[in-house]
Amino acid sequence: MQTIKLKNKPYLLNGYSIVGPMEGKGPLKDYFDYILKDDTLKEKTFEKSERKLLQDIIVGAIDKANLKVSDIDFFFGGDLLNQIVSSSYTARELELPFIGLYSACATMAESIALASIFVDNGLANNVVAGTCTHFSSAERQYRFPLELGNQRPPTAQWTITGGGASVISNNPSNIRVVAVTFGRVVDFGIGDVNNMGAAMAPAACDTIREHMKNVGRSSSDYDLILTGDLGKLGSEILIDLMEREKFILGKNYSDCGCMMYDKTERVFMGGSGAGCSASVLNSYILKKLSAGEFKRVLLVSTGALMSTTTSQQGDTIPGIAHAVELEYVGNKPVNKSVTFAKGEKKDG
Amino acid sequence: MDKQKRNANYNIYVESKVPKTKAWPSLFKAFLVGGLICALGQGFFDLYSHFFPNLAESEVTTCMLMSIIFLTCFLTGIGIYDVIGAWGGAGSVIPITGFSNSISSPAIEFKKEGIIYGICVKMFTIAGPVIVCGVVGSIVCGFVGLFI
């Protein structure tokens, strides 16, 4: 069975999120832990900026969970750059035992799922799971130079600058990880790399259906069902696909990519990237869950598993979605205000 | 259900959901931006003809092109040309300014990988195909012209 129900329900001890200046103007601005003023993070290249960003996120999460780096048994993570360099270089700096993962933009759910399984089975006490993306490094790897005067099609999405990390632990907190589902790779024959939402929606549909069937719940049992980065079009397609299978996604459904930006910003279908679900989970969802405003949340991070080479060779885009079910248990408040690890305070 | 049929149906369904680019506003913007660039070029041409009456027409044209190309590289470098391009579309791509932008933007972007592997290798990633098409096209046209 692709769903794993966790016997001991490990805790999501705390989480930390950082986003770029543009994301920091969006509707979720009050929830993020830190908003960058300068998206280069004073580094010479955007690849270096991305790994600095991830490092700050991981250190921030560990700090906010009141732990030390030495208390962490494993670091589960990945990113979108080739050979997941941001994560491995972060692991190098922090000297953490590293389990590198790649599910494109579904990496956050995959990391949390595996981290939870480790803690659940007593293989580790404290595990950090995190990922991030940087708009500028993703653009240069997947698309065009930043200064090229080209137009994007209306179905395009905007890779966010930002990310988040969660600490999964057997120390009690308000949030538990109940069950996780690893998705099948689903490809419905979409070849347009500017329409990732449509390519990933069938995978999200498959995973949500399997998860609900296996845990015996319906969509109305959740306060929020949250997909990673389907965007506006992808979300509409998902709702249609689910409806065909007699699952109704109502007002309790949302998508991280759609939540990230204001309508006024030129981001087309919304945000995307591994950092998208990572930052929304570790800001908005974390705060709502730990305050008990949400009782049960299903996070379904979605990823498109193509590369630039496969796309140029005419292959279609395989999609994947991993699901993590979180519930509020109300043990103790976890939301203490924490200053940033490097002594920088949250803006505003 | 047969996967091929499922995928074909899905593609048709997605196609029906995809928002289309509106043709008239895009055409208008392209006309405006492209027209302004051409008018600017003509401005440079008239200016050089006026101040350097000794230059032949072909030399004035060369000076005008050089000015326009320099201006585009400059605007690309300070991060303005991509904004013009995103708004004006083909209007900013078709004139020589588009070509200049397509060479200067990867040169700036890949400078971090060094002069040889960065700038020199990547400079023509976007303009390269255009040059190839242009050269091949002119060879074909030349041959056709030879026999007509």
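A residue is taken as buried if 20 or more other C-beta atoms lie within 10 Å of its own C-beta atom. By this criterion A:Ala104, which has 27 C-beta neighbours inside 10 Å, counts as buried. The structure described here is a predicted model, and the values reported below were computed from it.

A:Ala104 is placed in the loop between strand 5 (98–100) and helix 3 (107–120) of chain A, and its backbone has a positive phi of about 50 degrees although the residue is not a glycine. A second case of this kind is A:Leu41, where phi is near 50 degrees, again a positive value in a residue other than glycine. Most residues other than glycine have a negative phi. A:Leu41 belongs to the loop between strand 3 (34–35) and helix 1 of chain A, and because its C-beta neighbours inside 10 Å number 20, A:Leu41 also counts as buried.

Chain A, in which both of these loops are found, contains nine helices and 14 strands. Its radius of gyration is 18 Å, close to the 20 Å that the globule rule gives for 348 residues, so chain A is as compact as a globular protein of that length. Taken along the principal axes, the C-alpha atoms of chain A fill a box of roughly 50 × 50 × 35 Å. Of the 348 residues in chain A, 58% are buried. When contacts in chain A between residues at least 6 apart in sequence are considered, 81% of them join residues at least 24 apart.

From C-alpha to C-alpha, A:Arg217 and A:Thr264 are 37 Å apart in space, while their separation in sequence is 47 residues.

Within chain A, helix 1 (residues 46–64) packs with helix 4 (residues 135–142) at an angle of about 135 degrees, the two axes being 8 Å apart. Helix 1 and helix 4 of chain A are therefore oblique to each other, and helix 1 of chain A passes helix 4 of chain A in a left-handed crossing. Helix 1 of chain A contributes A:Phe46, A:Glu47 and A:Glu50 to the contact, and helix 4 of chain A contributes A:Ser136, A:Ser137 and A:Arg140. By class, the residues of this contact comprise one nonpolar, two polar and three charged.

Chain B has eight helices and zero strands, its elements running α-α-α-α-α-α-α-α from the N terminus on. The radius of gyration of chain B is 21 Å, well over the 15 Å that the globule rule gives for 148 residues, so chain B is more spread out than a compact globule. Along its principal axes, the C-alpha trace of chain B spans about 75 × 50 × 40 Å. Buried residues account for 21% of the 148 residues in chain B, and among contacts in chain B between residues at least 6 apart in sequence, 58% join residues at least 24 apart.

In chain B, the axes of helix 2 (residues 23–51) and helix 3 (residues 57–77) come within 9 Å and cross at roughly 130 degrees. Helix 2 and helix 3 of chain B are therefore oblique to each other, and helix 2 of chain B passes helix 3 of chain B in a right-handed crossing. In this contact, B:Leu40, B:Gly41, B:Phe44, B:Phe45, B:Tyr48 and B:Ser49 of helix 2 of chain B meet B:Val60, B:Thr61, B:Cys63, B:Met64, B:Ser67 and B:Ile68 of helix 3 of chain B. The residues of the contact divide into eight nonpolar, four polar and no charged.

The contact between the two chains takes 21 residues from chain A and 27 residues from chain B. On the side of chain A that touches chain B, helix 6 (residues 231–244) of chain A gives the most, with three residues. By class, this side of chain A has 10 nonpolar, seven polar and four charged residues.

Technical notes
Residues are numbered from 1 along each chain as its sequence is written. Chains are lettered from A and ligands numbered from 1 in the order in which they are written. This is a predicted model: local features need pLDDT of at least 70, side-chain atom pairs count only at pLDDT 80 or more; totals for chains, interfaces and linings use all residues. Helices (H or I, at least four residues) and strands (E, at least two) are DSSP runs, numbered from the N terminus. The radius of gyration is taken over C-alpha atoms; the globule rule is 2.2 Å times the number of residues to the power 0.38. A residue is buried if 20 or more other C-beta atoms lie within 10 Å of its own, exposed if 12 or fewer, and partly exposed in between; C-beta atoms are placed from the backbone. Two residues are in contact if their C-beta atoms, placed from the backbone, lie within 7 Å. Ala, Val, Leu, Ile, Met, Phe, Trp, Tyr, Cys and Pro count as nonpolar, Asp, Glu, Lys and Arg as charged, and the others, Gly among them, as polar. Axes are lines fitted to C-alpha atoms, for helices over the stretch in contact, and angles run from 0 to 180 degrees between N-to-C directions. Angles under 35 degrees count as roughly parallel, over 145 as roughly antiparallel, 65 to 115 as roughly perpendicular and the rest as oblique. A crossing is left-handed if the near helix is turned anticlockwise from the far one by less than a right angle, and right-handed if clockwise.
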